[in-house]
Amino acid sequence: MQVSSLNEVKIYSLSYGKSLPEWLSDRKKRALQKKDVDVRRRIELIQDFEMPTVCTTIKVSKDGQYILATGTYKPRVRCYDTYQLSLKFERCLDSEVVTFEILSDDYSKIVFLHNDRYIEFHSQSGFYYKTRIPKFGRDFSYHYPSCDLYFVGASSEVYRLNLEQGRYLNPLQTDAAENNVCDINSVHGLFATGTIEGRVECWDPRTRNRVGLLDCALNSVTADSEINSLPTISALKFNGALTMAVGTSTGQGKIFTSLEPEHDLNDVCLYPNSGMLLTANETPKMGIYYIPVLGPAPRWCSFLDNLTEELEENPESTVYDDYKFVTKKDLENLGLTHLIGSPFLRAYMHGFFMDIRLYHKVKLMVNPFAYEEYRKDKIRQKIEETRAQRVQLKKLPKVNKELALKLIEEEEEKQKSAWKKKVKSLPNILTDDRFKVMFENPDFQVDEESEEFRLLNPLVSKISEKRKKKLRLLEQQEHREKEEEEEPEGKPSDAESSESSDDEKAWVEEVRKQRRLLQQEEKVKRQERLKEDQQTVLKPQFYEIKAGEEFRSFKDSATKQKLMNKTLEDRLKIEAKNGTLSVSNTTVGSKQLTFTLKRSEQQKKQQEAEKLHRQERKRLRRSAGHLKSRHRRGRSFH
């Protein structure tokens, strides 16, 4: 794997290294890996990721599982499965492919644009249909809402092929002589085409009218730019609903970083939602580059993130470490403009590469005091490093001062160990906003006198005494407000080793001591409570019964509690004796239980009163009947 860096952007070439021929046996391959270091260090992400001669185009399916590439010779298309990291299938074609488009999420629907004006449709099983366009095509895009294919090429017209109707529609007439590239926005469906005149025309597929025109060539050329020909649009891509990227043939625009492979590039494809870059080259081997700044590694090769992190921790010399990139203005300042065109300068983009040793020599001749300035800067850095190792004045919080001091000491020890072992340091609690309240709110103050704290931290007393001494020293330094801090005396390393060896014994003794102290304190508390109970005089307390409720004796509650403690069988027997429960057998062999609810005294009194009332009414009815009969008899007698 090769690492290069430009503009502080690291690029990892994963396809760098020697490729072994297929006809070699496994035994010979293992022997080569043992002998050759380059063969042993090479990374082969996908097996047989190459073409017989040249690779022309390369694309990734929408689901990210398949990588399709076309090449020669003979003309063919190869599909690689990223889940299996190997070749899935290969199909030979009649002519070379200019470009192709994957219409489905996987490889089941593919459209190829050939250099002989043929359009070839492939399904999951293979070849499906072939048709021809009037002019030679250079690029095409698919409009999903209308199922239209838009073709641009060596003509001013944009040809439209409807896949639902299976026929050509009226073309779009542009103002350009020829069109190079095209793209369709996936959000609102706007169609854009790039012309050889350096313009971008935008069309609305719904009305088939032009809605915008951008003159990119005129805006890209400035007074400082040096061009030999008119910039033409060579790349066009939408990003979201409102953003569009345009590339010109002269390379106008701000450069983020660049790749310089050994062979010319035919096509570039960015793996979706990642920092992986796939290239089709004028060589059998296809290029794989990983740029961590652009995004993470794909899911099927997530180990690349760990690999690059290890390489960053142990930096090695990159490709451009032995060379210095200088612009034309830098050469004028150094007085080296006469070297332009010589072997000492290698033209690259908007500047030149020169040997780093030559650059340092010339810079030393131009500015002889540069070394003295460099030496002073180094001495100043060393002094600042030594100052940072001293004990500095620490501003402790108001709440949990001892805990804050403990965290500060632990942080210093971690920094020392990280400096020795080159380990990444973890974030500190004191600087974390999530734990800020713990050192500001008094409710979070640690209670060192509590039983849990004393048992869980048996050695805290010994450590806290040292920390309290240091805390008093820090408070004295705050009161004095000295400008220079004095370094406190530390204890010798022998004392530390002796204490560390006796930690286990001291811990056991401290636990026992704390338990004895807690037992004594608990005993004293019990004696104090007993004295208080003896001194207190018990007074009778009266309770008022609410209206509608009855007072039940404690005997009833005790019997009820005993009854609840018995089993269900015993309770059923008792209920049967009292008459509140009756058990009877049914005709089908099961048992039937009948419960009679108990009535309260108030209900019984009410029932007796109702019974007396009914009896009184019957007696009154009888007496009234006797009076009526007597009255009738008297009338009949008269």
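In which loop does Phe256 lie? Phe256 lies in the loop between β20 (243-248) and β21 (265-270). Strands (E, at least two residues) and helices (H or I, at least four) are DSSP runs, numbered from the N terminus.

The model is predicted: local features need pLDDT of at least 70, side-chain atom pairs count only at pLDDT 80 or more, and totals for chains, interfaces and linings use all residues. Residues are numbered from 1 along each chain as its sequence is written, and side-chain values use heavy atoms, with hydrogens and water left out.

The protein chain holds 15 helices and 28 strands. Of its 638 residues, 30% are buried. Buried means under 20% relative accessible area, exposed over 50%, and partly exposed in between (1.4 Å probe, protein chains only). The chain exposes about 46,400 Å², and carbon and sulfur atoms supply 50% of that area. Accessible areas come from the Shrake-Rupley method with a 1.4 Å probe; for residues, only the protein chains shown count as cover. Contact means heavy atoms within 4.5 Å. Among contacts between residues at least 6 apart in sequence, 47% join residues at least 24 apart.

The largest nonpolar core has 25 residues. Such a core is a set of buried Ala, Val, Leu, Ile, Met, Phe, Trp, Tyr and Cys residues joined through side-chain atoms within 4.5 Å. Leu45, Ile58 and Met276 have the most contacts inside it. Four strands each supply at least two residues of this core: β3 (54-60), β4 (66-72), β22 (276-281) and β23 (287-290). Beyond the residues up to four places away in sequence, Ile58 touches, among others, Phe49, Ile67, Phe100, Cys269, Leu278 and Met286.

Phe256 counts as partly exposed because its relative accessibility is 43%.

Two cis peptide bonds were examined. One joins Thr72 and Tyr73, with omega about -10°. The other runs from Tyr73 to Lys74, with omega near 10°. Thr72 lies in strand β4. Tyr73 is found in the loop between β4 and β5 (76-81), and Lys74 lies in the loop between β4 and β5. Thr72 counts as buried because its relative accessibility is 10%. Leaving aside neighbours within four places in sequence, Thr72 is in contact with Met51, Pro52, Thr53, Val54 and Glu96.

Positive phi values were also considered. Leu85 is not a glycine, yet its phi is about 55°. Leu85 lies in the loop between β5 and β6 (86-92) and is partly exposed, at 31% relative accessibility. Asn273 likewise has a positive phi, near 55°. Asn273 is found in the loop between β21 and β22 and is exposed, with a relative accessible area of 78%.

A search of the whole structure finds 0 disulfides, a disulfide being a pair of cysteine sulfur atoms within 2.5 Å. The sulfur of Cys216 lies 9.1 Å from the closest cysteine sulfur, in Cys202, so the distance is too far for a bond. Cys216 is buried, at 18% relative accessibility. Cys92 is exposed, at 53%.
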